[in-house]
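Have the sequence and the coordinates open as you read.

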Amino acid sequence: MSAVLQLTSVTKSFGAVRALKGVSFELRAGEVHALLGENGAGKSTLIKIITGAHQPDGGTLEIGGQQVAQLTPQAAHRLGIACIYQQPALFPDLTVSENIGLRLESVSVLRRVNWSARRERAAQLLQRLGADISPDAEAGSLSMPEQQLVEIACALGAGARIVIMDEPTASLTQKEQHRLFTVVRELRASGVGVIYISHRLEEIFALADRVTVLRDGESVGTRNIGAGQSAVARCMANERPESPHPGPLPGGEGERQPATRPAVRVPFAEPLTTILPLPSGEGRGEGVRDSRPAGPPNPSTPPITESELIRLMVGREVSSIYPAAEGEPGEVVLALSDLGCTAGGVRHITLDVRAGEIVGLAGLVGAGRTELARVLFGLTPADSGEIHLNGHSVSIRSPQEAVAHGIAYVPEDRRRHGVILEMPIAHNLTMAIHPRLFPGTWLRFGAERSHALESMRDLAVKAAGPDAPGGSLSGGNQQKVALARWLATKPRVLILDEPTQGVDVGAKSEIHKIIRRLAQQGMAVLLISSDLPEVLGMSDRIAVMRGAEIVAMMPRGTEAHAVMAAALGQGRGES
Amino acid sequence: MKRHFREFSVTGALLLLLVSLAIFAPNFFEPQPLLSRLTAAAPKLVVACGIALVILSRQIDISVGSLFAVCSLSAGLLAAAKLSLPVAVLASVGLGAVGGALNGALVAVLRLPSIVVTLATMVMWREGLRLAQQGVFVNLPDGVQWFGLPMAAGQGIVCGLALVVLLALAYALRFLAVGRFVYAVGSDAEAARLAGIRPRLVTFGVFILLGALTGLAAVMNLVQSPQVDPSTGRMLELEAIAAVVVGGVAVSGGRGNLWGVLAGFLLLACITPALTYLDVKPYWDKAIQGAVILLAVVADGVRRRKLNR
């Protein structure tokens with residue numbers, strides 16, 4: 001196993017901020033190396049150094065055994081480094097083959113485009129990924145995971161030896177994740193070194209060979225991942241569907257051509273950049289560890305467990321992951337009967353949420369969970385069925401009415417819609433309570449400031465002060481501000497949509513404690529989350545949605561595979 | 001200081017210009033010509049304040065010049081028909097508000113892009129006016145110019161009106177909830193909607209306000225001369241937008257304030273006379289104005305790049 005990438009004691013400062021204080025990192029050919037760390041630990045800076053976007057201040061960077069000084073993005077591309085971001089950067093109005101062509105073909109301005117060759121190559125690359133995407137489709141019409149696959153096809157076509165994936169599963173459904181994992185395993189099997197960044201530990205345990213943990217700009221350790229897997233990871237591994245065609249490509253054996261496919265020469269043809277055909281039998285889906293390539297990582301370091309890993313990340317013990325409920329829930333606060341909204345994409349929703357209860361909404365992305373939240377908040381008002389609040393039938397036609405009825409909605413994607421980045425934190429915090437805090441239309445800055453300070457103290461928001469702009473906060477703290485804004489409305493029903501997405505482990509557990517505390521204070525909480533362990537751990541009851549409907553109600557303590565089976569539709573969902 | 005760097009720097013540039021004028025051309029500060037210049041500029045300031053609100057809420061309006069002409073002419077015709085001046089003023093403001101409401105409705109209700117909507121209404125008002133009026137000037141009866149008062153008093157009223165509008169809007173932006181909403185909608189309309197604000201209502205409102213202010217500005221301009229030129233208000237939208245941009249209001253919405261707009265407006269308004277007083281050839285006027293605008297935009301670009309890093 002040769003190191004395709006070797007960073008030694010890399011440092012980087014931005015002004016007075018030392019983003020990297022000495023990071024050493026090694027990526028071998030044919031391994032998936034997870035990079036883990038809380039937000040702000042230095043992951044993105046490190047990635048930017050590897051992709052040539054930033055120059056390191058100190059330390060050395062070796063690519064393919066050669067020391068590289070002054071790496072530029074162009075040089076990184078030429079050296080076979082590709083990065084697949086969470087949000088694919090394709091040109092939405094161009095077709096898939098045009099997008100691939102733009103990345104891979106030479107850039108001379110007067111070059112004549114060979115359309116058929118361009119299309120042919122795109123089709124070939126996509127087929128190798130087992131992606132059922134037409135090369136003539138406009139990139140903007142593809143779903144997020146399809147766009148990711150196109151990005152991966154570009155990396156493949158460029159003969160990347162080092163592929164960086166930055167939270168690639170953040171917006172994928174379970175099925176799409178599996179397909180992505182298969183592709184990643186294939187890349188690994190063909191000798192590519194994959195740097196995999198994710199906040200989801202179970203993914204790292206399911207996929208990675210080694211993990212390097214960054215904390216406060218330093219690499220605090222590189223560990224093997226092996227036998228000591230967590231229950232969650234095992235569960236994930238077990239319920240991974242057993243395909244009748246366990247080939248790495250979802251299309252099955254017919255499309256694989258393992259024996260006959262020639263090695264593909266790539267444009268920047270150094271010998272190393274040749275992608276080898278897959279050895280047959282590699283990357284089969286029988287079990288996670290079976291599909292590892294030969295060459296185990298350094299045997300002197302024992303495999304790491306999930307709790308050790310978390311400890312390594314946060315540098316402290318995160319006590320019992322999920323706070324438990326105390327006492328019985330109270331009266332039914334929110335009752336939905338046969339609620340539906342044709343335009344909003346939900347139907348036949350019947351659900352009770354009691355005071356003091358957290359009801360989890362599980363399901364795949366696109367199953368209708370966010371859509372239900374939007375109906376309840378009046379963004380896409382219901383057109384059938386009834387909503388009862390504390391026993392009274394209400395109609396909710398607009399967010400204003402929802403707020404007036406005591407419903408609060410903390411939306412997903414807080415970067416875009418939860419917090420207004422340009423506005424001071426204090427203004428963000430009072431946004432939803434203007435009528436109460438400022439009776440009459442005059443603002444009262446004193447009241448606003450003291451309210452802001454109180455909320456920030458209450459939820460332990462780490463910020464320079466109430467006047468700092470929302471954009472200056474870390475993800476976890478932005479989420480707390482978004483939450484605090486709605487808590488200020490003193491809601492009876494609190495709807496949380498992906499409250500910990502992209503939040504680091506420490507802040508995640510803080511947010512979990514806050515949610516439980518709010519429920520304890522008598523709020524009825526509806527928790528939407530794609531993080532299965534979170535839904536299982538936090539919820540008193542779990543409603544599973546599939547195809548715009550609630551398909552199952554499950555009690556606390558339900559096994560993950562049962563929930564997932566319901567979300568997938570008992571065996572009908574996959575394969 | 002850091003948050004208001006743009007406003008400070010524009011104010012600094014303005015002061016620098018005024019100080020150099022004080023040293024090299026003290027004649028510039030003679031009261032009567034100075035008051036005349038300020039009076040002539042006052043209507044543009046009123047329009048610039050309205051445009052600032054529209055830009056803060058992440059929209060644009062390029063139809064104000066044409067609407068200004070329509071309002072001027074209507075008020076002039078009413079005054080020429082011997083209706084009392086207050087009626088003409090109300091009609092002008094009302095007509096402006098209706099014109100603004102048309103833009104606002106198309107933008108907020110039908111969700112059309114404001115640049116296209118106001119481009120259409122700009123052409124519509126201007127060409128409609130040309131068709132109706134055929135370029136004929138309207139002569140105003142006595143008692144309209146300077147509101148029938150001595151010239152100095154009339155000038156005082158015009159400048160005072162502009163100041164009142166500026167202060168009232170600046171106050172509303174800072175101290176009223178609705179001002180906060182303008183910033184919120186301009187920063188992130190969807191986030192504002194999810195926070196229980198009605199972005200479309202806010203957008204509709206700022207367009208109506210801009211229209212009404214345009215109508216008011218038309219009257220403030222009307223009373224300064226004995227007749228109304230039907231081609232009045234040409235390039236007004238560009239001058240007003242330039243003042244707003246130079247004053248540090250972000251074209252991407254949500255950032256800036258009226259103090260900056262005032263400073264930017266005065267800076268641009270002082271350049272032309274300053275050149276005369278400083279013996280610079282007047283050919284340089286537009287080039288220098290353009291350079292100032294470019295400088296402001298570049299400063300914003302650099303600043304944004306720093307923020308994003």
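How many residues of chain B are in contact with chain A? In this predicted model, 17 residues of chain B touch 20 residues of chain A, where contact means that the C-beta atoms of two residues, placed from the backbone, lie within 7 Å. A word on conventions: residues are numbered from 1 along each chain as its sequence is written, and chains are lettered from A and ligands numbered from 1 in the order in which they are written. As the model is a prediction, local features need pLDDT of at least 70 and side-chain atom pairs count only at pLDDT 80 or more, while totals for chains, interfaces and linings use all residues.

**The interface, from chain B**

On the side of chain B that touches chain A, the elements giving two or more residues are α7 (177-187) and α8 (189-194) of chain B. Helices here are DSSP runs of H or I with at least four residues, strands are runs of E with at least two, and both are numbered from the N terminus. The largest share of this side comes from α7(B), with six residues. Sorted by class, this side of chain B holds nine nonpolar, three polar and five charged residues. Ala, Val, Leu, Ile, Met, Phe, Trp, Tyr, Cys and Pro count as nonpolar, Asp, Glu, Lys and Arg as charged, and the others, Gly among them, as polar.

**Confidence in chain A**

The average pLDDT of chain A is 79, and 81% of its residues score at least 70; pLDDT is the predictor's confidence in each residue, from 0 to 100. Residues 227-299 of chain A have a pLDDT below 50, and this stretch has 107 contacts in the model beyond near neighbours in sequence. Residues 571-575 of chain A are also below 50, with eight such contacts.

**Two open sheets in chain A**

One open sheet has four strands in the order β13-β12-β15-β16 of chain A, with antiparallel pairing; strands pair if DSSP finds at least two bridges between them. β13 (346-354) and β16 (392-394) of chain A are at the edges with a single partner strand each, so one side of each has no neighbour in the sheet. Neighbouring strands are turned by 20 degrees against each other on average, direction ignored. Axes are lines fitted to C-alpha atoms, for helices over the stretch in contact, and angles run from 0 to 180 degrees between N-to-C directions.

| Strand pair | Bridges |
|---|---|
| β12(A) and β13(A) | six bridges |
| β12(A) and β15(A) | five bridges |
| β15(A) and β16(A) | three bridges |
| β20(A) and β21(A) | six bridges |

Leu389(A) stands opposite His392(A) in β16(A). β15(A) and β16(A) make a hairpin with two residues between them, and Asn390(A) in the turn has a positive phi of about 45 degrees. Helix α10 (residues 369-376) of chain A lies across β12 and β13 of chain A, at about 75 degrees to β13(A).

The other open sheet has six strands in the order β17-β18-β19-β14-β20-β21 of chain A, and its pairing is mixed. Its edge strands are β17 (407-410) and β21 (549-555) of chain A, each pairing on one side only. Ile542(A) stands opposite Met554(A) in β21(A). Helix α17 (residues 505-520) of chain A lies across β14 (358-363), β18 (493-497) and β19 (524-528) of chain A, running at about 150 degrees to β19(A).

**Helix packing in chain B**

Back in chain B, which helix axes cross at roughly 110 degrees? Those of α7(B) and helix α9 (residues 199-222) of chain B do, coming within 10 Å. The two helices are therefore roughly perpendicular, a label for angles of 65 to 115 degrees. Phe181(B), Val182(B) and Val185(B) in α7(B) meet Pro199(B), Val202(B), Thr203(B) and Val206(B) in α9(B). This contact has six nonpolar, one polar and no charged residues.

Helix α1 (residues 5-24) and helix α11 (residues 258-277) of chain B pack at an angle of about 25 degrees, with their axes 9 Å apart. α1(B) and α11(B) are therefore roughly parallel, the label for angles under 35 degrees. Their contact divides into 12 nonpolar, three polar and two charged residues.

How values were computed: Parallel < 35°, antiparallel > 145°, perpendicular 65-115°, else oblique.
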